[in-house]
Amino acid sequence: MKKIFSILLVGAAILACSKEKAAVDSPVAAAPSDVKTITVSLPASLSKVAFTPAAEPDGGVALSWAAGDKIRIISGSESAVYEIQPGFEGHTASFSGPSISGSSFTIIYPADFESESAAAAGDPFANQVQNGNGSTDGLKYVAVLSGVDSFEDIQFNEEWATAHGGSFRQNGVVRIREQFPAEVKSVDKVFMHVKVGSSSMGWISLDFPGGADISSDHILTAYAALPLGDMAIPAAVSIDLAFATGNYDTYTRTLSFESLNLLAGKVNTFNLDKSKLTLQPFYDGAGTETRPYLIGNARQLGNIEAVLVASEATTVNYFKLISDIDLAGNDWDTIVANPYKLIHFDGDNHVIKNMKTVNGGSYEGGFIGILYGTLKNVTFEKVDVTSNSNPSGAVCCWAGANDETTWGVLENVHVKGGSVTQNVVQQMGGIAGKARNASFTNCSVEDVTLTATTCSTSTGDNGYGGIAGWAHTSTFTSCEFKNSTLNGGRLAGGIIGYAPTAVTVENCLSSGTIKAKKMNNRNGEVAGGIVGWWGGTALRNCTSTADISTENNSAAGIVGQVGVNNLTVEKCAYKGGKVASGAHYAGGIVAYANPNTTVKECYSGGTVSSTSNHAGGIVGFANTDVTVKDCYSIGSINCGAQCGGGIVGELSSGGSVSNCYSMAAIGGQRVLGGIVGRACNAAWDVTVASNNTVTACIAWNPSIICTDTRDANSAGGSGTIVGFTSVKNTLSKGYRNSNIDYQPSDSEYAGHGVDQPDCDGTNWAKGTTPGTGKKYQCPYHGTAAAATATVTSLATSLGWDTAVWNLSGDRPTLKANPES
Amino acid sequence: MDLSPSKKHYLAPGQRMRPISYDGNILASSLSDMDTNPIVDETFTED
């Protein structure tokens, strides 16, 4: 059977409505299946004949000629276009065109059609447009007189055609008058699909740009043109109707007929009562990859959970936003499907605003409880998320699954404005509370306040992170914690609070404020601009400008504590801000470094301070065998007690600091060094074989000033390169700023330092061995640079790697992480 | 003589003058109105 028309439907305006999960019976079964999108519409030039509806509600339409109308006359191979002449009125007009001869003519209106077959095609009628409720402006007229013997005094009707030996065909009109529930104020689109059994006979879609206003009586009157000829279907036939409203709701109903005759030359009318309309759970779609459920309002957003609950465990359920959605005035009930189901949610770069969660049970406290699958391209604005039972994040409580079979994938997901509050002893993150087998790519949290109100009392470590509180076997790429505040407890980080294993963090940023507070008698410690506690795989190319503070130990610009041995932190920068440890361990990059940590190609431009020991421009406390290479600091370091260094505060044993420089002003009570504070096995016995190496470093600090004024027999000594060193260290190729303001505790040694030859661990330099009554006087000063020297000239003379360093300015910068 | 482009009565290069009259036929044509063909006629629910 020939198809009689072709397709349409889909979307425009925005109007959020309330979430009404209870109103949905079976979203999957009830979803419309025939709604499609096509951009082509009936050309405006196709017909100019005007349709005027009769005054009474159920009348027909009057036709009248319009300026610019043209008729085509065909005779054999000749084809001529006749143009309407001035003076036309209503039904009658005169047309003028070139001479044409013959005995049998085909007369086509409009002339745009070059043949009768072209005029009979149905496709141009698939997509139509009307100007508003009841408008006939978009109706098109088509008529063909075929085989007539004259083209004088033409009448477009059957009688005239018969009288002139020919036949006549014209098109008709459909008028749908549909009543809607009172809450429907406008209609954007109508979709009409004719089917015989399951076979499609064709469709018409009708678009109302700007919407058809039905606010007065909630009745839509929609006119659409039919293709040429009668549409007679002598069989059981159904018509699926779909109406898209101004707030993206879709109403449907199906009409059934034993046969159907849509007549040409008639207005075929449908007066339809609202009682038989069905409100669909989604705007459109089938939940598949090619036809995701389309979501345009809050009610539809709330229907996701019902789909997941009804889903098979292995089915991926696809959703896509088609509009921004404002949830203001409606509490958001976190999407929870237990057991958890697979979801693919594409926000299509839309915004979900004013999401306020109500904690009602397990894994409620964000947009979705547990994310198995993908969530992407969406921004949550002005969130108000509170958790009273589980890990909490604005987007999800958990991302990913423990068994590694199902990942949580978050791409281009942003949280902007609002707050997340964790009221129980659980993790908290700006996006996810916990992440295991999850990936975060191009995700951000901006202008958000994250607050934990409690913390575990003993050994249970939770984690509070700008993106994720806790992460295991996960990746974080190009994520940002921006201008936000994290009020966490123990283990707090701008991206991750606690990352125990198998985590990669790359190209991430943080700014704002990050705090680890003491709560529940649990020390507020271990905070970093990027990660609080780090046991992951790779941490590189990250930058922070946040203010980071702890009420107890370990605060740093990048990592509070590298807690697993043999890890590397590289190409990271703390570009500004303040690091403040409330006790020990403060670092521009790392506060506390476990054995065999490597920190390379990093720099700090921030202010680093501890209220007690161990403050370093790069590393606060370096456990055994830590390597710091190709790093520099240009901010300031203040050590509340002892062991403050421009690069490392405390270098325990077996460590190495090479090719580094510091321009930081160093302050503290005692044991301060331009590069390293103390390098003596974290103790005071200078004869212990600590086996550290400090080589090819440049102390370009403006000042090293101790506030403890006791002499070197009572207070630990300081030095321009190393403050207090074991005699069993290798100290070589060190340069210091010749004008450095060097004020150690023991004023006897104040000045600019004294030159010392290199020491290989066996030949302790003359004049620096602790003397009688000066047991803590054991510094390393290296060599004073010439007055004309620059850091760059010294670095060049020391052979610093030009693949790592940019040596073009007065001082070197890192190629991997430029300052600007 | 003002040959500025704003003077529209001057033809652009290559533009031809449209003939004032030509030997075309004049014909009259008429249309018919459409009345209704009820397909479904339900009574609207009173609000």
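**Figure 1. Polar contact and salt bridge between K189(A) and D207(A) in the predicted model.** The side chains of K189(A) and D207(A) are joined by a polar contact of 2.9 Å. D207(A), at 22% relative accessibility, counts as partly exposed.

**Figure 2. Salt bridge between E506(A) and R540(A).** The side chains of these two residues, E506(A) and R540(A), meet at 2.6 Å, N to O. E506(A) is located in strand β37 (residues 496-506) of chain A and R540(A) in strand β41 (residues 538-540) of chain A; the pair thus ties together parts 34 residues apart in sequence. E506(A) is partly exposed, with a relative accessible area of 22%, and R540(A) is likewise partly exposed, with 26%.

**Figure 3. Salt bridge between D708(A) and R670(A).** An N to O distance of 3.1 Å separates the side chains of D708(A) and R670(A). D708(A) sits in the loop between β66 (703-706) and β67 (722-725) of chain A, and R670(A) in strand β62 (residues 665-673) of chain A, so this pair ties together parts that are 38 residues apart in sequence. D708(A) is buried at a relative accessible area of 9%, and R670(A) is buried at 14%.

**Figure 4. Salt bridges at the interface of chain A and chain B.** Across this interface the rule finds 3 salt bridges, while the count over all chains comes to 19. R253(A) forms a salt bridge with E42(B), in which the closest N and O atoms are 2.8 Å apart. Through shared partners, salt bridges join R253(A), K276(A) and E42(B) into one network.

**Figure 5. Contact surface and strand pairing between chain A and chain B.** The contact involves 60 residues from chain A and 26 residues from chain B. About 3,500 Å² is buried between the two chains, with carbon and sulfur atoms giving 50% of that area. There are 21 residue pairs in polar contact between chain A and chain B. The side of chain A that touches chain B comprises 27 nonpolar, 22 polar and 11 charged residues. Strand β18 (residues 266-272) of chain A pairs in the parallel sense with strand β2 (residues 35-41) of chain B over 6 bridges. Within β2(B), T36(B) is the bridge partner of V267(A).

Note on methods: Residues numbered from 1 in each chain as written. Chains lettered and ligands numbered in written order. Predicted model: local features only at pLDDT ≥ 70, side-chain atom pairs only at ≥ 80, totals over all residues. Heavy atoms only, no water. Contact = heavy atoms within 4.5 Å. Buried area = accessible area lost by both parts, 1.4 Å probe. Salt bridge = Lys/Arg side-chain N within 4 Å of Asp/Glu carboxyl O. Polar contact = N/O pair within 3.5 Å; in protein donor to acceptor, adjacent residues only side chain to side chain. Nonpolar A, V, L, I, M, F, W, Y, C, P; charged D, E, K, R; others polar. Pairing = 2+ DSSP bridges. Helix = DSSP H or I, 4+ residues; strand = E, 2+ residues; numbered from the N terminus. Buried < 20%, exposed > 50% of the residue type's maximum accessible area, 1.4 Å probe, protein only.
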